[in-house]
Amino acid sequence: QSAAAPGLPGGGCGEDCVPVFGRKTLLTTPVTAPSDQNTVYEDFIKLNILEKKVLNDSEVSVHYLCSKPCIVNMEAVASSEFRTAVPVYKKRWKNYQHLYTSQTRRVHLKFPSSMVYKDDYFLRHSIAVHTVILYAWITHEPVGSYDADRNNNYLQAVARNYTLLETVPPFERPYKDHKVCLKWSSEYMWRLQANRIPQCPQEEDNIEILGFPYASNGEKVGIVKTFERFKNRELEAIRQHQIDYPMFTISVWLYLLHHCKERLCGIFYFIDPNEMYSTPAVFLNEEGYLHIQMHLVKGEDFAVKTSFSLPQRQWFRLDLSFIGGQVLKVEHPTVAEWGIKVHHTTNLSVLFSSFWEDFCYDDTSGYFVLGGGAYSSGVEGFFGPVKYYRLNALETEKISNPFYQHEIMEQIELYYERCADIQQIASGYGHFLTQHRQAVQKDCHHENDYLELKNRYGEKSKCDAFIYGKELREKYPSLFKLLHKMDFSLPGNQNNVVLEIGHRIFEKVAKSLSSADGLRYMNSSLPLLMDSSCCGYQRASYFLAVIFETGLGVPIDPVQGLLYSLIGAQDSERLALMNLGYKHYQGVNGYPVDLELSYAYYNSIALKTSLDQHVTKGDQAFVETIRLRDQELLEAQTKENGDVFMWLKHEATRGNAAAQQRLGQMLFWGQQGVEKNPEAAVEWYAKGAMEMKDPVLIYDYAIVLFKGQGVKKNTRLALELMKKAASKGLRQAVNGLGWYYHHFKRDYVKAAKYWLQAEEMGNPDASFNLGALYIDGVYPGVPGRNQTLAAKYFYKAAQGGHMDGTLRCSLYYITGNSESFPRDPEKAVIWAKYVAEKNGYLGHVIRRALNAYLEMSWHEALLYNVLAAETGIEVSKTNLAHLCEERSELAGRYLATNCIWRYYNFSVSQINAPSFAYLKMGDFYYYGHQNQSKDLNLSMQMYAQAALDGDAQGFFNLALLLEEGSPIPQHILDRLEIDRTLQATNTALLQEHQIPGKCPHSLHCANKLLNLSQIYFLGSLLGSVLIAVALHYFQSLSGKYLA
C-alpha cells in the first residue's frame, strides 16, 4: 500500500505536489522560465546531506543563489500512522548583500526527541515516523503587502527543492543523555526493561462470536456481545477508515424449527448507543425470507428482502458479506450427508443497482445481538458457530467457520426425525380419542347395567381399537404398549392433545421412578421419557439431560446430556435453561465458560420468574433455603395436618394477626411444606383485614382483589382497603396506591406522587416504578425519556431485592449502553442468576426433594435432589452431598459420579457457599478423598475461607495444621488479618487462633490447648498463667454447655 501524499507547508497541494515515497534524489524546480544563453544568473537552491537519516543535529549543506534580496526557508514535515504533514523543524534567513553569488550554509537540523531517541525513563512514548520530507525554497524580498502575503509560500517560490529523509525505527535509535542522575533503584528498574523490544499485539480481524451450540427459544432473549477497538494500530486505522465504507463478513450456522411466527424474528443485529437498530440488522420473516436492514450515512434506514427462503429442520450456514453500499452478498451453503456442501447463492447487488449511498457502520459503538433482544423476538431453533470478519468481505470458499461438534449436530437432526414419528402416533391417537370416543366405548362395552357400573367405578377399560402401521408398532413398542394401557378419557386441552399425551407419559414414569425402589427401573423408563420429550413435554427432556450427564442409573453419556439440555432450553423448560446457564457460567462437565451465553440462558428464565409469580396454578413452590443438616428447620416443616400448621391455624382462629399473616403466606406461596392454595390463603387475608384491621393483611387482601388471585376481582373494595392500609403508614400500600393510579387511571401525576412517598419510606417497588416512568418518558414535568435517572432508580430497586429492577440492571451490565453501568458480563450473569434461582418451578423440585427426604423415600429424594442440584442452586448441591454421605450405598449404586466430592466442590465455587462446605472440602484435601490426592495448600485455603465466614472450626483446623508444623502461607494470614507481629512463630499464631470463644466444643478445645501448651510453653511462667486463665474459662463454658 502507498501512503497518502503529505500536506505542504503554507497551503494545499497543487500540480507540483510530490508523493511521500518518491525517488531519493535532489530535485530543483526553478519557477522562472528557461533563460536565454546570455542570462548567466538564475536563482537556485540545492540540499546536500551526508547521512540522509532522521538524526538529532543532522548536518545539511544548503547551496543557493539569489538574484535579488531574498529569504531562504527550510521546513521539515513528518507523517506518522495517525497524522500527516506535521511541521517538526523550521528555519529561515535573509540574504540582501551577496547577490549573483552562490552561497553555501551549513544547517544543523533539530528534531523532537520523540522522533530521534529511544524510550527511556524520561521519554516514555517515542513516535514511529513513516516519512520525513525536508523542503527548501527561496522567495524574493516582498515589495508590497500583496507580495508579503505570498512571501512564505512554497509554491510561489522563485526556486525550491526537497529531499526525503530516511526514518529510524524507534528501537534502533540511541538513548538520549538527559544530564540527570537517577536514583539507584530507579535506574535499576529502568535497565531491567531498557533493551526489551515490545511485540506488536497479535491480533486478527476475525472473531469467534459463538463456538458452542445455543438453543434459541423464540423469545426476547439472546447473546449480547461488544467489540473493542483493535490494539494493533494498523488494524485500528483500517477499521476507522472503513466506518463510512464498511467491508465485513458474518458467518452463522443455523437449524431452524420454524419460520418466524411474528412479523420479524432476530437472527443477528447491531444496536447503537441510542438503542436504535444499526448496520446490519438481519431478521427472518413469516415466509422464511431474510429481511436485511442497514443504517445509511445520511441517517436513513434501508432494507431489502432475499429472493430465497431459508430451509427448515436442517443445518445450514448463512454467510453475509458487505462491501460499502454497492455490494451485498448472501450465501447459504447447506450440509448434505455431513460434509458435502450444496451452495445456493443469491447476489443482492442487483437490488442496489440504483442505490449508491454508503452504509454507516462502527462495530465498537453499541452492541451486537445474536437471536432475540429487548426489541425483537429471536428465531426458534439452534445456533451453531458464528464467525465475524471485521475488516474483510469474503467469498464463502474463503470463510473458515467449521462446525466441530459434528456429533451433537447430527443428534439434533436425528432427534427431530424420530420425534416426527412419535408426534404422528400421538396425534393419531388423540384424533382417534376425540373423534370416535362414543363409538369406541360402544364397541368395547356391552350395554347392560353391570358393565356400566363396572365402567363407572371399576378399573378403566382398555381397547384395542387403536390400530397403527406394523412398522411403527415394531419401531416404538413401549409407546404403543403404554397408549394401550392409558385411560381413554383425556381431559385437558384437546387442542394440544400431543402435549397432553406427553404429560401423561411423564407422570407415569415419574411416579414409577419415585417409588421405593424406583431407580432400578431407570433403563426401562428412558424410552418413555424420550417419547414424552418428543411430544413436547420438556420436563422429560430435563430429566433425560440430568440422567445422562450424572449417570443416574445409566452410563454417563455427555452427548445425550447436552442434546436434551438444548432441547429443553429451546422449548423454554425452566430447569434446562438454568442448567445450561450454570454450566457455561462455571465451565463444568466440559462446557466452555461463556458469560454472554450463560447470561442468555439465565435471563430467559429470570424473565419468566417474575411472570410465574403471578400464576396461581401449576407445579410451583416458594424457593426456600432449608439444609438437610439443619435439624431445627427440618422440624419446622409441616403439612396441612401437621402440628405446626394446626397450631398456627388455632392461633389464627383466635385472632392472632401474626398467625394469620403466616398462614396466608404459607398457603399463597406454598411455603414450609404446605401445598399452594391461593383460595385458602385469601380466606385468612380477608379475616385479618375485616376483623383484625391488620394493615399487612389489609394490603394483602387488597392486592388479591385487584388481581383476582384466588378470589373474584373487586377493584372498588381493593382501592378502599389499599387507602386504609396506606393511612396506617404501610409503605407497600402507599406504593399500591401509585400502582392503582398508574395501572387503572393512567394518572401519572398521582402515581408519581405516591411512588415518591413510598420511595422515601424505603419501598423498592416504588423505586422501580419511578424508574419505569422515566424510561417510558411519562414522568410528569420531564420531557422525553431519561435513561440516567431511570437507571438510578432501577439500581436502588435492585439493591432492595426487586426482581424486575435486578433484571434491568443486569441488562445494563451486559450491554454497557448506560453511562452509569460499565459493561461487566459477570455481574450481569450474577444478577440474572439471582432472579432465576427464585423461580417457582425450581422451588417445586426442591420442595419435592425435601419432602421425600422427610418421608424417608430415599430413591425419590436422590432423584429430585440431583435434579435440583444440576440447576446450579447452591443449597441443593450441599443437600445432595449430605444425602450421599448419609446414604452412601444408594448413591454408590445409582450415581456414576463421586457424589460427595462433586457437589461439595461445586458448592464452594458459588459466591454464597456455607462455611461447612469449605470445611468439608478442606477435610477432603487434607485426608485425600477417595481418588483425590492430598493437598495441604488447598486445605488451608478452604479452612481460611470458613474462618473468614465466621466459623470457629476454620480457625481451629488451621491451628491443628500449625501444631503439625505446616506453615500457613502469608497470603492466607493476610486474609485473616492476623497481626504481623504474631506471624513470626507458630507459637504466637496458635495463641491467636485458639482464643476462648473460637471453638465450638469447649472441653475439646481445652484439652487441645493443654496439649499445645505442654509442647510450646513448658517452663514458661507467662504460659502457665495463660493456660490457667484459658482452662478456667473453658471449664466455665463447659459447665454451661453440659447443663
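User: How far apart are the sulfur atoms of Cys 419 and Cys 534?
Analyst: They are 2.0 Å apart, and the two residues form a disulfide. A disulfide here is a pair of cysteine sulfur atoms within 2.5 Å. This is a predicted model, where local features need pLDDT of at least 70 and side-chain atom pairs count only at pLDDT 80 or more, while totals for chains, interfaces and linings use all residues. Residues are numbered from 1 along each chain as its sequence is written, and side-chain values use heavy atoms, with hydrogens and water left out.

User: Which parts does that pair tie together?
Analyst: Cys 419 lies in helix H5 (residues 406-444) and Cys 534 in helix H10 (residues 522-534), so the link ties parts 115 residues apart in sequence. Helices (H or I, at least four residues) and strands (E, at least two) are DSSP runs, numbered from the N terminus.

User: Left-handed or right-handed?
Analyst: Left-handed, with -65 degrees about the S-S bond.

User: Is Cys 419 buried or exposed?
Analyst: Buried, at 2% relative accessibility. Cys 534 is buried too, with a relative accessible area of 3%. Buried means under 20% relative accessible area, exposed over 50%, and partly exposed in between (1.4 Å probe, protein chains only).

User: How many disulfides does the whole structure have?
Analyst: A search finds four. One of them joins Cys 260 to Cys 265, S to S 2.0 Å. That link is right-handed, with 70 degrees about the S-S bond. Cys 260 is buried at 7% relative accessibility, and Cys 265 is buried at 5%.

User: And what is the S-S torsion of Cys 884 and Cys 899?
Analyst: About 75 degrees, so that disulfide is right-handed. The sulfur atoms are 1.9 Å apart. The pair links distant parts of the chain, 15 residues apart, with Cys 884 in helix H29 (residues 874-886) and Cys 899 in helix H31 (residues 899-908). Both cysteines are buried.

User: Cys 181, buried or exposed?
Analyst: Cys 181 is exposed, with a relative accessible area of 78%.

User: Switching to the cores. Which residues touch the most other members of the largest one?
Analyst: Ile 267 and Leu 862, in a nonpolar core of 247 residues. Such a core is a set of buried Ala, Val, Leu, Ile, Met, Phe, Trp, Tyr and Cys residues joined through side-chain atoms within 4.5 Å. H5 gives the most to this core, with ten residues.

User: What is Ile 267 in contact with?
Analyst: Leaving aside neighbours within four places in sequence, its contacts (heavy atoms within 4.5 Å) include Leu 254, Val 282, Phe 283, Leu 310, Val 369 and Phe 383. Apart from this core lies another, of 31 residues, among them Ile 49, Val 62, Ile 138 and Leu 165.

User: Now the sheet. What is the strand order?
Analyst: S2-S3-S6, an open sheet of three strands with antiparallel pairing. Two strands pair if DSSP finds at least two bridges between them. The edge strands are S2 (44-49) and S6 (103-109), each pairing on one side only.

User: How many bridges join S2 to S3?
Analyst: Six, with S3 covering residues 58-65. Ile 45 has Tyr 64 in S3 as its bridge partner.
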